[in-house]
Amino acid sequence: MGKAEKLHPLVDSEVPNLLEQIFPYSLPPLIRFDSPVIEYIDGEPVEFDFSSVKDRELLITDTTFRDGQQARPPYTVDQMVRIFDLLSRLGGPNGVIRQTEFFLYTKNDRETLDRCRALGHKYPECTGWIRAVKGDFRLVQEAGLKETGMLTSCSDYHIFHKSKFRSRKECMDKYCEVVDAAFEAGVRPRCHLEDLTRADIDGFVLPFVDRLMEMSRQVPARQSVKIRLCDTMGFGISYPGAELPRSIPKLIYKLNRECGVPSDRLEWHGHNDFHKVHVNAATAWLYGCDAVNTTIFGFGERTGNPPLEGAIFEYIALKGGLSTSLGAGLCGIDTMAITELANYMRSIGLPIPDNYPFAGRAFNTTSAGIHAGGLRQDERIYNVFDTERLLGLPPRIAITDKSGADGVAHWLNELFGLKGDERISKIKVHKLARWVMDQYEQEGRLTAISDQELEAKAKEFYPDYWQKYKS
Amino acid sequence: MATVEERVKAITARVLGLELDEIKSEHSFTQDLGAESVQSIELVAMFEEEFGIEMDEDAALAVETVGGAVEFITQVCRQQGVELEE
């Protein structure tokens, strides 16, 4: 200890190396891999090549209207139609947001589905969600859906304590009867392995999935069973070396390579009980699930689900840009729709914390004067990417006693939309900066100063600018 | 007309709330006279107004002492053709 193993000479330069191949600024920082990952499974090393995600068809699915609605009073039909429309715009015509699922039980549920489909969007495709009850397929058929999710809970907590099955075999037989009913109805079943990360993997999950795969071989490919890996309580762990049933890498490996469920029929559904929800979903993508199931702004039961907008930026970062999986043209994602969704959700009473990434009112706002000074010189210093280009939201300064003249100057220039040489120097903002300081030093203020207050003062102190740029 | 030094000291006293005789040429605006961030900006703005000049923001804010300000302002005034009392 203490003795250096390798010396690292300074690479002197008079030109900055901004690492733009990783931080292009016009895009979110890219996620690049320079080596494969080894995971020991059943004592044997297994190699995963994460760089293959560039060539795989990664997808996002949405459960805003199902899991998302389990966390709040129901949306109105009009609200859901509007959200669906924005989801379609966000995911683009190539269907990066591939599917969204609907309850089918009430008249409102069915009207919503009809009106969403009437918009004529190719994506997201509409799927259903039902209990593992044969009679529920009538609803799926009547709605004309090709695919539905169904509950196939797989931990013994659910099998014995919730569903009161007398044995695992009885449970599995019952689930398989419902899957058969789906096949008979011409519907593709998507089996939701509820509570997977607390289940007996070898004792129940793998035998059940083996049987589902065998059943799938008897039906046309378009009806073959999809598997949703449901981390119902947020117990999933992304770290290599973690043990089953919590290990996401091992769960996916077992289903994908042992049971033979192809990646395009695997989907991860997480919960945020341990603050792991987004990275767990991204981990599922890396280890072989093509789809991650999300909700807008992560709004879902209890602590929520993987945030859809987080998955969108992860997708861009993993793909290395906005190209399609096959590199042929643009993927069609319209990130500006995130801001529109945030504004819409706020307008209908869904609270989004101010510091919430990508969508909170203050996610790219700094109130520290020293950071404002950096922003004034080059916004890349304190902005994660070009948030104005991708979200229509330039970096902002919240004005407090910590903002300094730099912060006030940045705020004022943003107000008047001044760039480059047109920008007002901080010397010229001294009156407004003094007024701000007096609010705290003389008036004893304890809160940030609102834009409205500052605008009133800007109009008073800088009438010429106001006349030119704001009238 | 007062000299540049007298005018610089008068403005410094007014902006920082000090007595004239507390201000010496060798004093640092921030360390000795206690100028805070916004007061530094106010000083530069007041000097510009007093002398009828425009100063480069970064260069002006890099000046540390009262004597340095006198020198810097004298130089800017000469460059911008502003007459001064010697």
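Chain B of this predicted model contains four helices and zero strands. Read from the N terminus, its elements follow the order α-α-α-α. The C-alpha trace of chain B spans about 30 × 25 × 20 Å along its principal axes. A compact globule of 86 residues would have a radius of gyration near 12 Å, and the value for chain B is 12 Å, so the two agree. Of the 86 residues in chain B, 28% count as buried. Among the contacts in chain B with a separation of 6 or more, 56% are made by residues 24 or more positions apart.

Strands of a sheet pair through backbone hydrogen bonds, either parallel or antiparallel. Strand S3 (residues 59-62) and strand S4 (residues 97-103) of chain A run parallel and are joined by three bridges. Within this part of the sheet, A:Thr61 has A:Gln99 in S4(A) as its bridge partner.

H9(A) is mostly covered, with eleven of its twelve residues buried. Among the buried residues are A:Glu309, A:Glu314 and A:Lys319, together with A:Leu308, A:Ile312, A:Phe313 and A:Tyr315. The cover over the buried residues of H9(A) includes S3 and H1 of chain A, and also helix H8 (277-287), strand S10 (291-294) and helix H10 (336-347) of that chain. After H9(A) comes A:Gly320, whose phi is positive, near 85°.

The two chains meet in a contact that takes ten residues from chain A and eight residues from chain B. On the side of chain A that touches chain B, helix H13 (404-416) and helix H14 (430-441) of chain A each supply at least two residues. H14(A) gives the most to this side, with four residues. By class, the side of chain A that touches chain B has four nonpolar, four polar and two charged residues.

Key: Residues are numbered from 1 along each chain as its sequence is written. Chains are lettered from A and ligands numbered from 1 in the order in which they are written. This is a predicted model: local features need pLDDT of at least 70, side-chain atom pairs count only at pLDDT 80 or more; totals for chains, interfaces and linings use all residues. Two strands pair if DSSP finds at least two bridges between them. Two residues are in contact if their C-beta atoms, placed from the backbone, lie within 7 Å. Ala, Val, Leu, Ile, Met, Phe, Trp, Tyr, Cys and Pro count as nonpolar, Asp, Glu, Lys and Arg as charged, and the others, Gly among them, as polar. A residue is buried if 20 or more other C-beta atoms lie within 10 Å of its own, exposed if 12 or fewer, and partly exposed in between; C-beta atoms are placed from the backbone. The radius of gyration is taken over C-alpha atoms; the globule rule is 2.2 Å times the number of residues to the power 0.38.
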